[in-house]
Amino acid sequence: MSADLGDVDGGVFAAVDIGASSGRVMLGRVSPSTGVSLETIHRFPNGVIELNGGLHWDFDVLFAEVLEGLAAAASVAAARGERIASIGIDTWAVDYGLVDSAGTLVSVPFSYRDERSHSAVARVHSLIPPEKLYATTGLQFLQFNTVYQLAAERSLEGVQALLIPDLIAYMLTGERRTEATNASTTGLLDAVAGEWATDFLDTLGLPRNIFPPLIQPGESVGALLPAIVERTGLPADTEVVAVGSHDTASAVAAVPASAQDFAYISSGTWSLVGVELPEPVLSEASRTANFTNERGVDGTIRYLRNVGGLWLLSECQRTWAAQGFSQSLPALLDAAAALPPGGPQINADDPAFTAPDNMPERIRAAARHNGDVLADRPAAVVRCILDSLASAYARTLDDAERLTGRETSVVHIVGGGSQNKLLCQLTANATGKPVVAGPVEATALGNVLVQARAAGVVDGGLAELRALVAAGTDLARYESGRQSPVTV
């Protein structure tokens with residue numbers, strides 16, 4: 001996708017897009033005549049830190065990187081005679097920071113990879129049975145869901161929980177809001193009403209105002225604080241606009257689908273595998289299959305299941321690098337592709353893979369538990385990971401079709417995994433459906449497009465936004481059994 005932000009009709013927008021392992025600030029220009037283009041202004045690492053025996057996010061460093069990126073974006077735009085219309089923020093889900101009445105962040109935010117919430121699961125379920133939780137919230141069970149994290153807190157008196165993108169928005173504007181797509185990942189939002197499940201808050205002894213009021217994608221959070229204006233050089237009237245602040249919500253908004261019968265895989269640290277629906281599926285069968293109903297842009301439902309992701313691969317690479325093995329990822333993938341099919345597989349969703357530390361050995365141990373022998377060669381481990389992910393994708397999509405009664409004709413893979421040709425081909429083989437790969441930057445595109453629509457630069461619903469993405473993206477199509485992809 002072009003990074004040319006030249007002189008065309010449209011608007012310029014800043015996207016703050018942060019994942020569990022890295023973040024970036026991007027400039028996007030959107031025009032109804034030329035489409036959408038992106039330029040990366042600032043990249044920075046992200047990751048958990050160990051602090052006082054727990055796993056946390058270093059929010060002070062994270063926010064400093066955001067400010068540095070926005071300052072760089074303001075400088076680039078000013079040098080081109082352009083004005084940034086607004087800022088949108090998306091990050092991963094479920095995690096939060098606690099802010100007191102004075103606006104102070106009272107503790108370093110915990111990471112969902114910390115195990116503190118595990119002990120709260122039984123207590124929550126003793127007060128609200130899992131069947132009742134699901135029938136109201138439609139959220140799949142994950143032991144790090146926000147509801148369990150809050151139940152594990154020692155004290156919530158006098159504080160509010162701001163989900164990570166909402167916390168960043170608050171630090172920029174002074175306004176406290178909870179964006180709806182991310183709110184749906186807390187386990188405390190009514191999936192039908194789209195409002196907080198206050199009965200659950202009461203039952204769990206959580207304050208009714210534990211979260212700020214809800215805001216929808218496309219609504220304005222507020223203008224920048226004077227201190228932020230001074231720090232970044234952005235105009236004083238620059239607004240922060242709510243987008244699909246759960247990164248998957250933004251990514252799905254940018255899936256370049258031309259019809260409604262598509263499935264999607266947002267492939268990154270995690271894999272989010274599912275379909276888009278007009279309303280939630282709250283059946284007991286859906287609960288036992290561990291599907292989730294998360295809100296998307298324009299009130300859609302992202303009906304999906306969290307599947308293990310490329311975290312397994314990145315953690316293996318980190319371990320191998322520490323052991324002195326320096327083979328590049330392309331070389332690893334080529335070596336893995338040369339191996340015959342039918343090798344060992346693991347359950348990529350196993351919670352044993354959630355935390356870091358010596359991932360290759362844990363994968364080999366899982367294979368041994370299944371009665372298989374997995375060679376300790378990196379290529380064999382990589383092939384095991386990708387075969388396992390592709391199989392998990394196929395099982396999940398089969399379940400989604402069965403539970404929703406909707407057949408899908410194509411699978412769109414967006415995000416970093418869309419660049420992994422071997423994973424895309426294995427997914428086409430496993431599902432028996434064509435796979436369309438791209439865009440890589442789906443999350444940032446969805447972020448920018450929602451801002452552009454809020455600014456009146458483009459009109460229409462998701463179909464029109466997706467058509468802009470498709471028109472400006474080089475897509476690759478994989479067919480089951482084919483040796484190489486075809487450019488769409």
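**Backbone, aromatic pairs and cavities in a predicted model**

Asn-358 is partly exposed, with a relative accessible area of 32%. The structure is a predicted model, and Asn-358 belongs to the loop that runs between helices H12 and H13. Its phi is near 45 degrees, a positive value in a residue other than glycine. Asp-357 lies in the loop between helix H12 (329-337) and helix H13 (359-369). The phi of Asp-357 is also positive, near 110 degrees, and this residue too is not a glycine. Asp-357 has a relative accessible area of 55% and is therefore exposed, since the cut-off for that class is over 50%.

Helix H13 contains Glu-361. With a relative accessible area of 28%, Glu-361 counts as partly exposed. Its side chain makes a polar contact with the side chain of Arg-364, at 3.2 Å. Glu-361 and His-246 are 115 residues apart along the chain, and their C-alpha atoms are separated by 32 Å.

Another backbone feature is found at Pro-439. The peptide bond from Gly-438 to Pro-439 is cis, with omega near 0 degrees. Pro-439 is placed in the loop between strand E18 (435-437) and helix H16 (442-454).

The aromatic side chains come next. A pair of aromatic rings is described by the distance of the centres and the angle of the planes. Across the whole structure, a search finds 11 aromatic pairs. In one of them, the ring centres of Trp-57 and Trp-92 are 4.4 Å apart and the planes are at 45 degrees, so the pair is tilted. Trp-57 lies in strand E5 (residues 54-57), whereas Trp-92 lies in the loop between strand E6 (84-90) and strand E7 (96-100); the pair therefore ties together parts that are 35 residues apart in sequence. Trp-57 is buried, with a relative accessible area of 2%, and Trp-92 counts as buried at 6% relative accessibility.

A further pair is formed by Trp-196 and Phe-211: the ring centres are 4.5 Å apart and the planes are at 10 degrees, so this pair is stacked. It links distant parts of the chain, 15 residues apart, with Trp-196 in the loop between helix H6 (180-183) and helix H7 (198-203) and Phe-211 in the loop between H7 and strand E10 (214-215). Both Trp-196 and Phe-211 are buried.

Trp-57 and Trp-92 also belong to one aromatic cluster together with Tyr-112, Phe-144 and Trp-270. Aromatic rings meet charged groups as well. The charged end of Arg-113 sits over the ring of Trp-311, 3.6 Å from its centre, and that of Arg-116 sits over the ring of Phe-110, 3.9 Å from its centre.

The largest cavity has a volume of about 100 Å³. Its lining has 13 residues, and Pro-165, Asp-166, Ala-169, Val-221 and Ala-242 lie nearest the centre. Helix H5 (164-173) and strand E12 (239-241) are the elements that give two or more residues to this lining, and H5 gives the most, with 3 residues. By type, the lining divides into 9 nonpolar, 1 polar and 3 charged residues.

The second largest cavity has a volume of about 30 Å³. Among the residues that line this cavity are Ala-249, Glu-276, Thr-300 and Arg-466. Helix H9 (247-253) and helix H17 (462-471) each supply at least two lining residues, with the largest share, 3 residues, coming from H9. This lining consists of 5 nonpolar, 2 polar and 3 charged residues.

Conventions
Residues are numbered from 1 along each chain as its sequence is written. This is a predicted model: local features need pLDDT of at least 70, side-chain atom pairs count only at pLDDT 80 or more; totals for chains, interfaces and linings use all residues. Side-chain values use heavy atoms; hydrogens and water are left out. Helices (H or I, at least four residues) and strands (E, at least two) are DSSP runs, numbered from the N terminus. Buried means under 20% relative accessible area, exposed over 50%, partly exposed in between (1.4 Å probe, protein chains only). Rings of Phe, Tyr and Trp (its six-membered ring) pair if their centres lie within 6.5 Å; planes under 30 degrees apart count as stacked, over 60 as edge-to-face and the rest as tilted. A charge sits over a ring if NZ of Lys or CZ of Arg is within 6 Å of the ring centre and within 35 degrees of the ring normal. A polar contact is a pair of N or O atoms within 3.5 Å; within protein, one must be able to donate a hydrogen and the other to accept it, and residues adjacent in sequence count only if both atoms are side-chain atoms. On a 1 Å grid over the protein atoms alone, a cavity is a set of points where a 1.4 Å probe fits but cannot get out, and a pocket is an open set with protein on both sides within 12 Å along at least five of seven lines; lining residues have an atom within 4 Å of a point. Grid points are joined across faces, edges and corners, and a volume is the space filled by probe spheres set on the points. Ala, Val, Leu, Ile, Met, Phe, Trp, Tyr, Cys and Pro count as nonpolar, Asp, Glu, Lys and Arg as charged, and the others, Gly among them, as polar.
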